[in-house]
Amino acid sequence: MSNSGFIHSGEEKKGQVQDMFDGIAKRYDFLNHFLSFGIDAYWRKQSIKTLKLIAGQTLLDVATGTGDQGFSALKAADVHVVGLDFSYNMLEQAKLKIEKRGLADKFEVIQGDAEKLPFLDASFNALCISYGIRNVGTISSAINEFYRVLKPGGRISILEFSEPQGWLFGRLYRFYFDHILPKIAGMISSQSAYTYLPESVRHFPDREDFKALLSSEGFDEVQHRDLTFGVTTIYSGVKTD
Ligand SMILES: C[S@@+](CC[C@H](N)C(=O)[O-])C[C@H]1O[C@@H](n2cnc3c(N)ncnc32)[C@H](O)[C@@H]1O
């Protein structure tokens, strides 16, 4: 447990994370766009590009939340999206958006755990997870499941916050992330959820360690690409056999 009381791994973390997202679901989209200055749409698009989606394919969007990564995929290609998340309230928001956009035949959502995916082996052509992997209880268990449910030749794209590496931008970022963002979020939603955010980014493995983990779970062609001075990173890989 950290000084602020957050648990950063294991089963106990899962309960804490699920409650947190259930609590902020209604304000989540607004805060996401507001606190990222709207750049998140660009980050999502870049992450989806690495999947090289083809019409007719099936994509699993793990930790889909309110569905924005799935919507980004549907803008790129005429695929079928399955969005999975363990937060009931986040999925309710996703469902409202799916209905409103008339995408019910293209995008279905399922409540479930990223570490115990309710799908058969080799079910999906592609898998994405945006700002979700940092929140799971045991990262290696989730990656193992991602590998299992992908078909041979299937691609994975993981979008996650990173610590920027440049000295000046790194300092500005830390000031914004640690001091400004939790205060603004606290006025609109939950301060504790947005105190957890920078803390969880710090607990997440660094780029090389995370790529090593993807390789050790079986992924090939593992690469990373930093976006916006390294605030966010796309990790990609392929299941070759
Ligand atoms: C920061 S939100 C990201 C939502 C969405 N992917 C996006 O980009 O806006 C993280 C999501 O991960 C979900 N999550 C965290 N751990 C999970 C787990 N073990 N299984 C399923 N969903 C999980 C949370 O419920 C939450 O909706």
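The structure is a predicted model.

Starting with the big picture, the protein chain is built from eight helices and seven strands. Its radius of gyration comes out at 17 Å, close to the 18 Å that the globule rule gives for 241 residues, so the chain is as compact as a globular protein of that length. Laid out along its principal axes, the C-alpha trace of the protein chain spans about 45 × 40 × 30 Å.

Now for the ligand, which is found in the largest pocket. Around the ligand there are 18 residues, and those that come nearest are Tyr28, Arg44, Ala63, Asp85 and Ser130. Sorted by class, this shell holds eight nonpolar, seven polar and three charged residues. Helix H1 (residues 11-35) supplies the largest share of the shell, with four residues.

In the side chain of Arg44, an N or O atom is 2.7 Å from an oxygen atom of the ligand. The side chain of Asp85 likewise has an N or O atom 2.6 Å from a ligand oxygen. With Ala114 it is the backbone that takes part: one of its polar atoms is 2.8 Å from a nitrogen atom of the ligand. As for how much of the ligand is covered, it exposes 600 Å² when taken alone, and the protein buries 98% of that.

Terms used: Residues numbered from 1 in each chain as written. Predicted model: local features only at pLDDT ≥ 70, side-chain atom pairs only at ≥ 80, totals over all residues. Heavy atoms only, no water. Near = heavy atom within 4 Å. Polar contact = N/O pair within 3.5 Å; in protein donor to acceptor, adjacent residues only side chain to side chain. Areas by Shrake-Rupley, 256 points an atom, 1.4 Å probe, with all protein chains shown as cover. 1 Å grid on protein atoms, 1.4 Å probe; cavity = no way out; pocket = protein on both sides within 12 Å on 5 of 7 lines; lining within 4 Å. Sits in = over half its atoms within 2 Å of the grid points. Helix = DSSP H or I, 4+ residues; strand = E, 2+ residues; numbered from the N terminus. Nonpolar A, V, L, I, M, F, W, Y, C, P; charged D, E, K, R; others polar. Rg over C-alpha atoms; globule rule 2.2 N^0.38 Å.
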